[in-house]
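I opened my notebook on a new structure today. Here is what I looked up, entry by entry.

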Amino acid sequence: MNIFLSEMVGTMLLILLGDGVVANVVLKQTKGGSSGWIVITAGWGFAVTVAVYAVGWISGAHLNPAVTLAVWLQGGIPSGMVLVYMLGQLVGAFLGAILVWLTYKRHYDVSDDPGLILATFCTGPAIRDYKWNLVTEIIGTAMLVFGVLAIFNSHNGIAGGFGPYAVGVLVWSIGLSLGGPTGYAINPARDLGPRIAHALLPIKNKGGSDWSYAWVPIVGPLIGGAVGSLLYKFLLPLLSTP
């Protein structure tokens, strides 16, 4: 239960601050309106940092089923805990999206672009091509997992204090460099939980929840998480050989 609650709270904070910055940028009549991609990517990076500091000492702050899969492949958690982590993350993402809606309720009321409203909850492609969107999410998530494993390698000596901040910088970097094609979901729970919230909430002027695309930010990150984990596992001995 501690793991479930930790991942739920951490992912809720991640989505509250991450989707919150998107809402601030794209919804009408906000203080941060039209402030752009740099603000969005920075906001997501800071969101990750806060969330990891908040619950990392309890559950390791996976906050992402792809990271949980990667940690399991590294032997870091038992098989029986994988579903506990993932369910906590999905519930937390759903709750975080509801908090964003409550925070920006009046701005949702005056916004009339269904696409931008949806963007405050989940990701969508700049150019819709499912196979290449999938490739983008695989590469982005592989980079995330490889980077996280590298950051917390004991040889770096930064896991305790600076580690969460470094992960935030990593996510910021991924957003700036690899986020353009798909909005860098790189996290199945981050996309699916808020997408479900979008479908259920009584949001004025909302359109559909784009379920035809929803499989991409689920399947792509899970594949990418496995790829990043295995690459790190097999490359590390080669890199560390004198």
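I began with contacts, meaning heavy atoms within 4.5 Å. Among contacts between residues at least 6 apart in sequence, 78% join residues at least 24 apart.

The model is predicted: local features need pLDDT of at least 70, side-chain atom pairs count only at pLDDT 80 or more, and totals for chains, interfaces and linings use all residues. Residues are numbered from 1 along each chain as its sequence is written, and side-chain values use heavy atoms, leaving out hydrogens and water.

Next I checked the fold. I found 10 helices and zero strands, taken as DSSP runs (helices H or I, at least four residues; strands E, at least two) numbered from the N terminus.

Then I turned to burial. Buried residues make up 49% of the 242 residues; buried means under 20% relative accessible area, exposed over 50%, partly exposed in between (1.4 Å probe, protein chains only).

The whole structure holds seven. Rings of Phe, Tyr and Trp (its six-membered ring) pair if their centres lie within 6.5 Å; planes under 30 degrees apart count as stacked, over 60 as edge-to-face and the rest as tilted. I looked at Y108 and F121: their ring centres are 5.8 Å apart and their planes at 40°, so this pair is tilted. The pair links distant parts of the chain, 13 residues apart. Y108 sits in helix α5 (residues 105-110), and F121 in the loop between α6 (114-119) and α7 (130-151). Y108 is buried at 0% relative accessible area. F121 is also buried, at 0% relative accessibility. I also noted one aromatic cluster formed by Y130, Y213 and W215.
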